[in-house]
Amino acid sequence: METGIAIWGELITILVMAVALGFDAFSLGLGIGMKGIRVREIIKIGAVVAIFHILMPLAGLYMGRYLGALLGNVATLAAGGLLLLLGGHMIYSSLRGDAVQSIDYRSSWAIVLFSLSVSIDSFSVGVSLGMFPINLWLTILSFGLCGGIMSILGLMLGSQVSHRLSEYGEAFGGVILFTFGVLFIL
């Protein structure tokens, strides 16, 4: 009976952690989606986020405690700085109109940077989980699935909201990204 309880406890813990880590992807997906996005890009971004949500905790699990403690704060600050730049640029380009080239969220670099920024926490969690006996495949697949699904949901919701906000959608999305950048740094 205790073994069954332990298994359920581990499963619930992993799922709660996966959903918590996926909220970054959801929130930032909401901001990107407000620029207006097609279904094909939503699926592409969601898949890349899912892959990063698998690779980052897996890398964290194997990196160990020392490296995670050494790079944890630096990585979070870098992700926050990146979000500040992306959000600030979106706000600036929406206010300036056609005079400024907006960041193309569909480019490979933008998708990788977005995916990396929402997966940094997964690396740190992976380092922490590496100190405990866990079901590796269940953990990383749960993280990947939740991260991918939640980013898709955020992108879809942001896309729907952007239709209602018209020209203010990109500025509002930039505010969301900028806010999360500030939260990452603080």
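Serine 159 touches Gly33, Met34 and Ile37 when residues up to four places away in sequence are not counted, a contact being defined by heavy atoms within 4.5 Å. In this predicted model, local features need pLDDT of at least 70 and side-chain atom pairs count only at pLDDT 80 or more, whereas totals for chains, interfaces and linings use all residues. Residues are numbered from 1 along each chain as its sequence is written, and side-chain values use heavy atoms, with hydrogens and water left out. Serine 159 lies in helix H5, which covers residues 136-165, and its relative accessible area of 6% places serine 159 among the buried residues (buried meaning under 20% relative accessible area, exposed over 50%, and partly exposed in between, with a 1.4 Å probe and protein chains only).

The protein chain as a whole has 6 helices and 0 strands, and reads α-α-α-α-α-α along the sequence; these elements are DSSP runs numbered from the N terminus, with helices (H or I) of at least four residues and strands (E) of at least two. Of the 186 residues of the chain, 43% count as buried. Among contacts between residues at least 6 apart in sequence, 93% join residues at least 24 apart. The chain exposes about 10,000 Å², of which carbon and sulfur atoms supply 73%, as computed by the Shrake-Rupley method with a 1.4 Å probe, only the protein chains shown counting as cover for residues.

The largest nonpolar core comprises 11 residues, namely Ala25, Leu28, Ile32, Ile37, Ile42, Ile45, Val49, Ile111, Phe114, Val118 and Leu155. Helix H1 (2-33), helix H2 (39-63) and helix H4 (108-129) each supply at least two residues of this core, and a second, separate core of 9 residues includes Ile14, Ala18, Leu61 and Cys146. Such a core is a set of buried Ala, Val, Leu, Ile, Met, Phe, Trp, Tyr and Cys residues joined through side-chain atoms within 4.5 Å. In soluble globular proteins, nonpolar side chains tend to be buried together.

Helix H2 has 25 residues and reaches 36 Å from its first C-alpha to its last, close to the 36 Å expected at 1.5 Å a residue, where the expected span is 1.5 Å times one less than the number of residues. The buried residues of H2 include Ile42, Ile45, Val49, Phe52, Met56 and Leu61, together with Gly46, His53 and Pro57.

Serine 115 lies in H4 and counts as buried, because its relative accessibility is 0%. Leaving aside neighbours within four places in sequence, serine 115 is in contact with Ile45, Val48, Val49 and Phe52, while its side chain reaches the backbone oxygen of isoleucine 111 at 2.8 Å. Leucine 116, also found in helix H4, counts as partly exposed at 31% relative accessibility. Leucine 116 touches Phe52 and Met56, again not counting residues up to four places away in sequence, and its C-alpha atom is separated by 9.3 Å from that of valine 48, 68 residues apart along the chain.

The structure holds 1 salt bridge, defined as a side-chain nitrogen of Lys or Arg within 4 Å of a carboxyl oxygen of Asp or Glu. In this pair, the side chains of arginine 38 and glutamate 41 meet at 3.1 Å, N to O. Arginine 38 is partly exposed, with a relative accessible area of 44%, whereas glutamate 41 counts as buried at 9% relative accessibility.

Key: A polar contact is a pair of N or O atoms within 3.5 Å; within protein, one must be able to donate a hydrogen and the other to accept it, and residues adjacent in sequence count only if both atoms are side-chain atoms.
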